[in-house]
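Please look at the sequence and the structure first.

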Amino acid sequence: MHYESFYSNRALVRTMISERELGWFEGFLDGEGNFGIYHRSRGRAGFYVQVRISNTDIAAIQRAQRILGGTVLLKQKSQVRNRALYVLNVPYESLHEWLPKMQLTVKEKHRLLVLEALSHPSVSR
């Protein structure tokens, strides 16, 4: 996979988000997001979590980014459909602040596993 950095807003961690924005983000994350818990490589001990949202609609990705911050990456265009895929990496700080306040439908088990992982001492940024 080849990614290019598209736009970064990693420093932003909002302390206030409206119910409407949070509800929209929950639905977008539930439908388009993925959750991962990964073992660190290259001799580093511990684990890290990653929450990403992928979509071909840059406006939707940018709206999600305005809500929780993060870095947007542009994946190379597909040879078949020739459409760009944008990937938002949700920042670690936003996960700590907002993931406990969310309630998902389809991916609720994933959210709970990531929350549990975030509280474990071997998980870092």
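## Salt bridges

The model is predicted. A salt bridge here needs a side-chain nitrogen of Lys or Arg within 4 Å of a carboxyl oxygen of Asp or Glu, and by this rule there are 2 salt bridges. Side chains of opposite charge can pair when their charged atoms come close.

## The pair E97 and K101

How exposed is E97? E97 has a relative accessible area of 29%, so this residue counts as partly exposed. K101 is partly exposed too, because its relative accessible area is 45%; the range for this class lies between under 20% for buried and over 50% for exposed.

## The pair R111 and E108

R111 and E108 also form a salt bridge, and their closest N and O atoms are 2.6 Å apart. Where do R111 and E108 lie? Both belong to helix α4, which covers residues 108-118. They are 3 residues apart, about one turn of the helix. Both R111 and E108 are buried.

## The chain as a whole

The protein chain contains 4 helices and 5 strands. Starting at the N terminus, its elements follow the order β-α-β-β-α-β-β-α-α.

Of the 125 residues in the protein chain, 40% are buried. Among contacts with a separation of 6 or more, 65% come from residues 24 or more positions apart. The accessible surface of the protein chain is about 7800 Å², and carbon and sulfur atoms account for 50% of that surface.

Terms used
Residues numbered from 1 in each chain as written. Predicted model: local features only at pLDDT ≥ 70, side-chain atom pairs only at ≥ 80, totals over all residues. Heavy atoms only, no water. Buried < 20%, exposed > 50% of the residue type's maximum accessible area, 1.4 Å probe, protein only. Helix = DSSP H or I, 4+ residues; strand = E, 2+ residues; numbered from the N terminus. Contact = heavy atoms within 4.5 Å. Areas by Shrake-Rupley, 256 points an atom, 1.4 Å probe, with all protein chains shown as cover.
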